[in-house]
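Subject: Structure for you to look at

Hi,

Here is the structure I promised to pass on. Please open it and keep it beside this email as you read.

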Number of protein chains: 2
Amino acid sequence: MAVGEFPFPAMPTLAGIRLSTASAGIKRAGRKDLVLMELAEGSTVAGVFTRNAFCAAPVTLCRQHLSQADIRYLLINSGNANACTGEQGMRDALACCAAVAGETGGRVESVLPFSTGVIGEPLPVEKISAAIPGAVTALDENGWHDAAQGIMTTDTRPKGFTGQLEYQGKTITVNGIAKGAGMIRPNMATMLAFIATDAKVAEPVLASICREAADQSFNRITIDGDTSTNDSCVLIATGKVDLPEITEAEGGLYEALRELLVQAFTTLAQSIVGDGEGATKFVTLTVSGGRSRAECLEVGYSVAHSPLIKTALFASDPNWGRIVAAIGYADVDDLDASAVRVYLGDVLIVEQGGRAASYTEVQGQEVMQREQVSIAIDLGRGDYSETLWTTDLSYEYVRINADYRS
Amino acid sequence: MAVGEFPFPAMPTLAGIRLSTASAGIKRAGRKDLVLMELAEGSTVAGVFTRNAFCAAPVTLCRQHLSQADIRYLLINSGNANACTGEQGMRDALACCAAVAGETGGRVESVLPFSTGVIGEPLPVEKISAAIPGAVTALDENGWHDAAQGIMTTDTRPKGFTGQLEYQGKTITVNGIAKGAGMIRPNMATMLAFIATDAKVAEPVLASICREAADQSFNRITIDGDTSTNDSCVLIATGKVDLPEITEAEGGLYEALRELLVQAFTTLAQSIVGDGEGATKFVTLTVSGGRSRAECLEVGYSVAHSPLIKTALFASDPNWGRIVAAIGYADVDDLDASAVRVYLGDVLIVEQGGRAASYTEVQGQEVMQREQVSIAIDLGRGDYSETLWTTDLSYEYVRINADYRS
């Protein structure tokens, strides 16, 4: 199941990026399970990674390599997460980077490795290494769609974004691909996102945009509250457009690019939610009127993670009592329940500590029947606001996740 | 569905407590939906209540009355939670207390009100008031079993505990009854527990035992992570046993009574988990080796609330990758993944950041097939330990909670 309209766009080439997709036979012979991305010399790269203490070997290695060298290649495999694989996992991830470096004549530290798939199984390094020469030969500027498919695991559709902006007569392009929603299937891990632009951006500025955009997108979506061992998001600037380098977080070019990148991150994040496990609803949850962003998020996650609210969404039941209870048990100091307002779509359902006088169940029912549902909560005590995206909890979710690992 | 063996015990009388159960016709005519409990003069009373900001009117009134007067009556209705009912809800709860006070010639502040059932509907005060004279007349020392049934909502079985201890030739009795698991059914709220002893205990000591015992029991169980608007736990000491009053939190009598009360609270809490919605597994989760109780609980709730782990439990799947991922994303500073050990039953499944060398899937499968599953996590960095009890997440949970409110 999948909800919402997230068609895969026609992806233009992006100067400075070549991609290829290959079959290494990691889980099944013939499946495209390996993606190689080549970045032009002079590209800057930034990344945000899972904070999971059991982060996978490739994540540890990504962090190291980003601090050690200019990045020239990204190697992504699906079918095996190389997570919870101890010392051997680190050696295996490094061996894959070395295979790319050997084939391309570069440094091992210039390769970033990414893995997604089963946790706790040794990475089949030989199969991956054997597929690398072919992947290098096949590198092509037109590889975006194939790459989006190559990184899929249990995703039901590839996820992509493309957008452009004009600045001083020049065209800047942003392309992005992503996969998977958090912990997807038995032992399947990982959200991965790769976003690139041909603008020229100094590394510190790129890093701050990456953090900020991820915070407003990938860190604002939740399917089941679980954070995987492999979650990674990488932002690349190839600098191939003939415009001055962005060296400060200010100015018209910076603002325009930042806005387009936030749009790219947000679209990819939303497309992940739309492809959430067993999802039948796409839910936009806005918490406003908070004294801080933190308390808006606290309330938002309390609502978004409540199995009672998620099952009510699945049932299209405008069960305002459950929403109110979840707001009430969020960890917010001195929340005045009588100041809180809750809206389903445009319908005011809760005010002054109880059901709104104007509210009728028919109104709520009408909103809840939709595939896309918005819930807005006004805490009535400040000026901060946050938006999250999530899904319902269906029989299908239980079925997918209770299925024995295949 | 319900798991585990929690038979309702033969409850002896407890000197200083009389109970009655009546039909007020709150939701359905003829159903026993009202319980009155009378406490002997001189009883001391302590309570812990939900921290939900949308706490129900009766909870607010309980807190007020406990601070204003000696408590002589507890009035509990099922079928309506009197929650999210605004000012009217406060007037209604007070009116019920006044009805009891009027009939018994006492003070309104000496009555504690409790409600459980549908959220957001006005309390039918007239029906309740009309049933009170009969309830007063019917008060009897032998009413424990009927009372345990009268407070049930969607519970599939009544929950009770009884125990005794001998001290200097005298017998002290502890009786307790409880209902419900958190937010149970569409708009059904509330965990309620009433525990009484005939020992004589000064109010501050009783309050500290109540807080401590609730913390080790009702605050350590979770079905779905949701905390209701009405959760209440009350501890009563009638002082009818001819022994000195316990005025300090020390000494043999204090220790013996405290231990028996913790056992009462824990048994009732576990019986609530065993009757959790759609539960097919009773899970005991122990987190040891923490640097603080807080971090043990952080890891414990991270695991206990993970829908991925709960669905794996439902499927009897020893999916250690999901357990490891949930430990990893718990908010624990500088957790060294390589020091963590995880056991399923007695079987070591994870060590040194990955699957234990000695572990075979057959071993894990054998443990997971059981109705009672224990998961033990050793963080390997300190001396603190905490235990939680929870359930799995089944199709039945989704079915119960996705059913439209009847």
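Below are my notes on a sheet, one arginine and the interface.

Keep in mind that this is a predicted model.

**The sheet in chain B**

Start with chain B. Seven strands form an open sheet there, with mixed pairing. Reading across, the order is S9-S16-S11-S15-S12-S13-S14. Strands S9 (221-222) and S14 (354-355) of chain B are the edges, and each pairs on one side only.

Now look inside the sheet. Strand S12 (residues 341-344) of chain B runs antiparallel to strand S15 (residues 372-378) of chain B, and four bridges join the pair. Within this part, Tyr343(B) sits opposite Ala376(B) in S15(B).

Two helices to find next both pack on this sheet. Helix H6 (residues 252-274) of chain B touches S9, S11 (282-290) and S16 (384-391) of chain B. The direction of H6 makes about 40 degrees with that of S16(B). Helix H10 (residues 361-368) of chain B touches S12, S13 (347-351) and S15 of chain B. For H10, the angle with the direction of S12(B) is about 60 degrees.

**One arginine in H6**

Stay on helix H6 of chain B and pick out Arg258(B). Which side chain does the side chain of Arg258(B) meet in a polar contact? It is that of Glu212(B), at 2.7 Å. Setting aside neighbours within four places in sequence, Arg258(B) is in contact with Ile209(B), Glu212(B) and Gln216(B).

**Where chains A and B meet**

Then zoom out to both chains. On the chain A side, 57 residues are in contact with 57 residues of chain B. About 4500 Å² is buried between the two chains, and carbon and sulfur atoms give 60% of that area. Phe54(A), Leu308(A) and Tyr395(A) supply 15% of what chain A buries against chain B, more than any other three residues.

There are charged and polar links too. Two salt bridges are found across the interface. The side chains of Arg355(A) and Glu121(B) form a salt bridge, at 4.0 Å from N to O. Six residue pairs are in polar contact between chain A and chain B, counting those with both residues at pLDDT 80 or more.

Which elements of chain A give two or more residues to the side that touches chain B? They are helices H8 (307-314), H9 (320-329), H10 (361-368) and H11 (395-402), plus strand S14 (354-355), of chain A. H9(A) gives the most, with eight residues. The residues on this side of chain A divide into 27 nonpolar, 19 polar and 11 charged.

Best wishes

How values were computed
Residues numbered from 1 in each chain as written. Chains lettered and ligands numbered in written order. Predicted model: local features only at pLDDT ≥ 70, side-chain atom pairs only at ≥ 80, totals over all residues. Heavy atoms only, no water. Pairing = 2+ DSSP bridges. Contact = heavy atoms within 4.5 Å. Axes fitted to C-alpha atoms, helices over the stretch in contact; angles between N-to-C directions. Buried area = accessible area lost by both parts, 1.4 Å probe. Polar contact = N/O pair within 3.5 Å; in protein donor to acceptor, adjacent residues only side chain to side chain. Nonpolar A, V, L, I, M, F, W, Y, C, P; charged D, E, K, R; others polar.
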